[in-house]
Amino acid sequence: MKIETIAIHAGNKTDDATKAVIQPIVMSTTFEREVDGSYVNGYIYSRAANPNRHQLEKVLAKLERGVEAAAFSSGNAAGMAVFQSLAPGTHIICPDDMYHGLRNQIKILFAGILTFDFIDINNEATLKANIRPETVLIWVETPSNPLLKVTDIKKVIAIAKQHQIKVVVDSTFATPVFQRPLELGADLVMHSSTKYFGGHSDLMGGALITAVKDEWWAKIRQVQEMGGAIPSPMDCYYLVRSLKTLPYRMRGHEHNAHLLTAFLEQQPNVESVMYPGLTSHPQHQIAKDQMLGFGAMFSFCVKGGADAAKQVLSKLKLFTIATSLGGVESLIEHRASVEGPDTKTPQNLLRVSVGLEHIDDLIADMEQALE
């Protein structure tokens, strides 16, 4: 089936009792067992499994062309499940441009448990030089946050396989509409469901999808169940509902991003625009080869430093100054302020999540703010 059909049908189950077309929300935390202790329908306790979460995981796996998915209460919880599944002393390689929430999680919560290096993964020599005997995982984020770097997934995987190293790809910015890392050879793909999967800035979630059900995946599933960082039945229901429109929403988001970044590239007060869809992007050809579309996230640098960038923010009317991304409304933020004093993000950089407003209105708003 095509992705539009998968998004609509794979996560839905007609209710056996009422024949309701849309699966009802099952709020029960526990399920009745037989006298012999068995569970006829396979559900025991909602932390272990729930009908709504089961359908959410089913559609997520099919969208990414994986064999199974695990849903979590946030993107950070999904990432943490991967790190918790690793043995103490394990070494992991991470990109130098990485979502700061996960970067800080590794540096703070796993300090003394795991060892890690943050490097330019796009530099093949640097990547090879940082592989150790105890390296078991390479974490890839592409496109990256907030510099929109694009990593050649196949190239990283080829190097990793030479050393029996697993590869996880954070594909939140792309979604399975525009990028499917498992088809390129990745072992796991990760998403913050809070973003485009939810699509309306009103719920939190995370997901991992695997290419194979192996011993490592069993450990991740164990972390999910025993750790209990799972989404509620209500959140699972809303995520399944939102996913039905994901392919069409993403095309609208991308359409607006293409036109807005093309406009910004021509503005005299703009120093640079970082968007994989632009031919000026240093990894444009890689993005073109491995992606089905370029997404709707971009960053741009304003001439004049941090003060000039913040002045642009103060004049915008349709772009909401807020963290997060992937909603129908356009968001913008001064990323260095969010990331804190140790940030390597340029002080004049503004990160944009392009929404689904009419593009003419978005361009007009940006034009007046840049004057």
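This is a predicted model: local features need pLDDT of at least 70, side-chain atom pairs count only at pLDDT 80 or more; totals for chains, interfaces and linings use all residues.

User: In which loop does Met-27 lie?

Analyst: Helices (H or I, at least four residues) and strands (E, at least two) are DSSP runs, numbered from the N terminus. On that basis, Met-27 lies in the loop between helix H1 (3–9) and helix H2 (51–63).

User: Is Met-27 buried or exposed?

Analyst: Buried means under 20% relative accessible area, exposed over 50%, partly exposed in between (1.4 Å probe, protein chains only). Met-27 has 52% relative accessibility, so Met-27 counts as exposed.

User: Which residues have the most contacts inside the largest nonpolar core?

Analyst: A nonpolar core is a set of buried Ala, Val, Leu, Ile, Met, Phe, Trp, Tyr and Cys residues joined through side-chain atoms within 4.5 Å. The largest has 83 residues. Those with the most contacts inside it are Ile-138, Leu-260, Leu-264, Phe-300 and Met-366.

User: What is Leu-260 in contact with, leaving aside its neighbours within four places in sequence?

Analyst: Contact means heavy atoms within 4.5 Å. With those neighbours set aside, the partners of Leu-260 are Phe-298, Phe-319, Val-354, Ile-359, Leu-362, Ile-363 and Met-366.

User: Why do the buried residues of H6 line one face, and what is their arc?

Analyst: The buried residues of helix H6 (residues 153–162) are Ile-153, Val-156, Ile-157, Ile-159 and Ala-160. The arc is that of the directions from the helix axis to the C-beta atoms. Lys-154, Lys-161 and Gln-162 are exposed on the other side of H6. The buried set lines one face because, seen down the axis of H6, it falls within an arc of 165°.

User: What is omega at the cis peptide bond that joins Asn-145 and Pro-146?

Analyst: Most peptide bonds are trans. Pro-146 is in the loop between E4 and H6. In the cis bond from Asn-145 to Pro-146, omega is about 10°.

User: Is Leu-148 buried or exposed?

Analyst: Leu-148 is in the loop between E4 and H6. Its phi is positive, about 55°, although Leu-148 is not a glycine. At 1% relative accessibility, Leu-148 counts as buried.

How values were computed
Residues are numbered from 1 along each chain as its sequence is written. Side-chain values use heavy atoms; hydrogens and water are left out.
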